[in-house]
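Open the model in your viewer and keep the selection tool handy. We will go from stop to stop, and at each one you will hear what to select and what is there.

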Amino acid sequence: MGLAQNGATREVAAGAPPGKGKEARGGPMLSGEDLLRLYLAMVLVRVLDQRMMTLQRQGRVGFYGACTGQEAACLGSAYALRENDWIFPSLREGGAMLLRGFPLLPYVCQVLGNSGDPTKGRQMPSHQSARSVRQVSWSSCIGTQLPQAVGAAWAARRQGDELVALAYLGDGATSSGDFHAAMNFAGVLRAPVVFLCQNNHWSISLPTSRQTASESIAIKAVAYGFPGAKVDGNDVEAVYAATAEAVARARAGGGPTLIEAETYRIGAHSSSDDPTRYRDPAEVEAWMAKDPIDRLRHRLEGLGLWEAGREAALQAELQAQVAAAIEQAEALPKVAPETLFDDVYAEEPWNLSEQRRELTRGLAARRRPSEPSKAV
Amino acid sequence: MPVLTLVQAINDALRVAMRSDGRVVVLGEDVGKFGGVFRATAGLYEEFGPERVVDTPLSEGGIIGAAIGMAMYGLRPVAEIQFSDFIYPGFDQIVNELAKLRYRSAGQYAAPVVVRTPFGGGIKGGLYHSQSPEALFVHTPGLKVVAPSTPSDAKGMLLSALKGEDPIIFFEPKRIYRAARGEVPEGDFQVPLGKARTVREGRHLTVIAYGASVEEASQAADQAASEGIECELIDLRTLWPLDIDCVVESAKKTGRVVVVHEAPRTCGLGAEISALIQERCFVHLEAPVRRVTGWDTPFPYALEQEYLPGAARILRGVEETAWFVA
């Protein structure tokens with residue numbers, strides 16, 4: 001597979017609709033070509049995250065939440081979707097958009113929050129969304145996307161559309177009221193939704209044991225009346241297989257599934273966090289030895305689909321792609337101030353029109369009397 | 001023209017909307033077979049079935065969250081929150097999600113959900129079946145907030161709400177669900193949002209009210225008239241975006257304004273109306289803008305009549321404002 005001229009992202013984007021895996025041993029399996037696509041997508045996300053974190057340290061990006069260590073869980077699950085399926089992401093699933101064909105430049109523009117950002121610089125970095133790839137807009141509020149995913153999935157079924165909503169969450173979100181509401185609604189309404197919990201062991205500074213006394217997250221599904229599955233979240237094939245099975249069941253009218261993909265947040269929660277204050281570096285090292293990208297590379301090498309010699313070229317190619325996107329993005333102007341008042345309502349009310357004029361005019365320009373006076 | 005109660009008019013509006021638009025679905029607690037605790041959805045389950053009149057589990061966050069997803073996908077959900085006192089478990093979904101979705105996605109996603117909820121006191125409902133939380137939603141950019149006071153407006157405004165693209169919190173004055181009766185046009189009929197209704201014209205003083213307070217204010221205005229004070233009574237109908245032209249025009253005309261609501265006074269809608277009037281009508285004012293409101297306490301059970309701004313209290317506010325001399 002050639003990597004020249006945006007090869008990696010093109011190849012990845014061309015994968016849609018992915019997930020045409022072959023059935024084998026009773027479960028869906030990925031072809032060698034699928035694995036290679038996923039590998040390139042995972043490495044791209046890793047490279048992108050590293051560059052964005054560097055830009056954050058240099059003051060060129062305000063904030064960043066990386067996917068590092070979780071690429072298999074994020075992308076392996078998203079790969080199981082069809083083009084028209086919807087994703088309700090949380091913080092670390094921007095890479096799923098790239099996997100599904102969203103271009104790199106507007107992605108980087110979103111991180112910078114400039115005029116090239118299709119969401120007009122409204123959100124912090126790592127809060128990407130794009131209707132073009134059916135990735136829904138996320139707030140920063142943990143778990144809120146989950147009942148929304150249930151509603152959208154239910155609506156799709158009611159409209160006769162055979163599609164599935166894939167809702168991402170972390171282990172921390174399982175403590176939220178919205179998690180319970182969503183699981184309960186999904187079970188009762190039998191909505192075609194798949195909940196993909198990336199149990200990355202840490203919710204900022206708290207280990208999963210401070211979120212739940214349950215023996216697993218997957219087992220919680222039992223109480224809601226639908227299947228739960230726990231998979232090795234660093235094994236992209238396992239994540240894909242579990243998601244593909246759940247998605248197929250949902251699509252066929254078999255209701256929701258909760259998947260717990262056990263993985264690890266190798267880096268900080270975000271650029272604002274310092275994990276050395278609360279966790280043992282030995283734990284991080286142990287998980288680095290289980291890095292999902294290394295594992296997939298070894299797998300590809302074993303299948304004869306990759307050679308160690310190609311790694312440097314891939315890295316160089318992806319670095320160049322990301323650097324080019326950053327250069328183009330940084331050349332774009334900031335978001336126009338007038339856009340501040342757009343999109344609050346479909347129909348702009350008088351107070352916003354008034355405030356728009358006030359911002360544009362600038363209060364300082366107004367003529368003032370030489371000194372305030374008081375009527376007597 | 002048929003004469004309906006306010007709750008019958010709501011029911012009629014839902015039926016009309018559901019017949020004409022297959023995207024309209026109703027969801028909430030007890031809204032299906034039971035027809036809602038106030039009977040607002042009575043008969044809809046029988047006519048439209050469980051896929052369009054959805055009895056949900058008991059979770060306001062789940063109801064609003066699911067409604068957002070439904071609307072995002074293209075349906076027109078009408079979510080019922082059984083009492084507005086119970087809206088707070090869904091508050092995050094309303095304030096952080098519903099209200100901000102269009103903005104944060106720069107228009108890529110929107111959720112035109114109508115949240116219907118009974119509000120206000122006077123039914124011996126105590127702290128948790130009497131509240132008026134409308135100001136919390138007026139304070140939230142991205143939401144429209146309405147509160148009709150007549151059967152005709154209730155139907156027309158609900159049908160307008162379902163035609164719009166913005167999320168709407170639709171407060172229904174439950175104390176007058178059955179007490180308010182009036183002629184209601186049949187079929188599809190809309191009352192535009194954002195327009196107040198001048199209930200009576202007067203030259204001495206303006207009373208601004210909404211919901212169940214309109215009737216109380218009307219009685220106060222009758223009494224005031226017998227004392228020679230001619231009140232102009234404005235039923236705000238849409239709380240936000242409120243009809244600023246109507247409010248300003250009347251305030252300039254009379255120079256004296258009393259604002260009435262059941263919600264607590266501090267940071268209530270009356271505070272905003274008062275600020276808007278002083279900003280726009282300063283030199284026309286003859287008296288301070290007066291607020292006649294619920295007290296800054298939780299809603300009481302035994303003393304609810306002492307809490308509520310009834311006709312007698314409104315009349316006192318009217319008299320003091322009318323005779324105010326600087």
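Start by selecting Gly143(A), which sits in the loop between α5 (104–112) and α6 (145–158) of chain A. Helices (H or I, at least four residues) and strands (E, at least two) are DSSP runs here, numbered from the N terminus. This is a predicted model, in which local features need pLDDT of at least 70, side-chain atom pairs count only at pLDDT 80 or more, and totals for chains, interfaces and linings use all residues. To find your way, note that residues are numbered from 1 along each chain as its sequence is written, and that chains are lettered from A and ligands numbered from 1 in the order in which they are written.

Is Gly143(A) buried or exposed? Gly143(A) is buried, with 24 other C-beta atoms within 10 Å. The cut-offs are these: a residue is buried if 20 or more other C-beta atoms lie within 10 Å of its own, exposed if 12 or fewer, and partly exposed in between, with C-beta atoms placed from the backbone. Leaving out residues up to four places away in sequence, Gly143(A) touches Leu169(A), Ala173(A), Ser176(A), Asp178(A) and Phe179(A). Touching, or contact, means that the C-beta atoms of two residues, placed from the backbone, lie within 7 Å.

Zoom out to the whole of chain A. Chain A has 13 helices and nine strands, and of its 376 residues, 51% count as buried.

Select α11 of chain A, residues 292–302, and colour its buried residues, Pro292(A), Leu296(A) and Arg297(A). Seen down the axis of α11(A), these buried residues fall within an arc of 135°, so they line one face of the helix. That arc is taken from the directions from the helix axis to the C-beta atoms. An α-helix has 3.6 residues a turn, so residues three or four places apart point the same way. What do the buried residues of α11(A) pack against? They pack against α2 (32–57), α3 (71–78) and α9 (236–251) of chain A. Turn to the other side of α11(A), where Asp294(A), His298(A) and Gly302(A) are exposed. Just after the helix, pick out Gly304(A), which takes a positive phi of about 75°.

**Crossing to chain B**

Show both chains and select the contact between them: 37 residues come from chain B and 39 residues from chain A. On the side of chain B that touches chain A, the largest share, 10 residues, comes from α3(B).

Now colour chain B by domain: domain 1 is 3–183 and domain 2 is 197–322, with bounds that come from an automatic or database domain assignment. The centres of the two domains of chain B, taken over C-alpha atoms, are separated by 26 Å. Their contact takes 25 residues from domain 1 of chain B and 24 residues from domain 2 of chain B.

**Last stop: a sheet in chain B**

Select the five strands that form an open sheet in the order β9-β11-β10-β13-β14 (chain B), with mixed pairing. Strands count as paired if DSSP finds at least two bridges between them. β9 (197–200) and β14 (290–294) of chain B stand at the edges, each with a single partner strand, so one side of each is left without a neighbour in the sheet.

Focus on β11(B), where five of its five residues are buried. Cys231(B), Leu233(B) and Asp235(B) point one way, and Glu232(B) and Ile234(B) the other way. β9(B) and β11(B) pair in the antiparallel sense over three bridges, and Arg200(B) has Leu233(B) as its bridge partner. β10(B) and β11(B) run parallel, joined by five bridges; here, Thr206(B) is partnered by Glu232(B).

Move on to β13 (residues 257–264) of chain B, which pairs with β14(B) in the parallel sense over five bridges. Finish with Val260(B), which stands opposite Val292(B) in β14(B).
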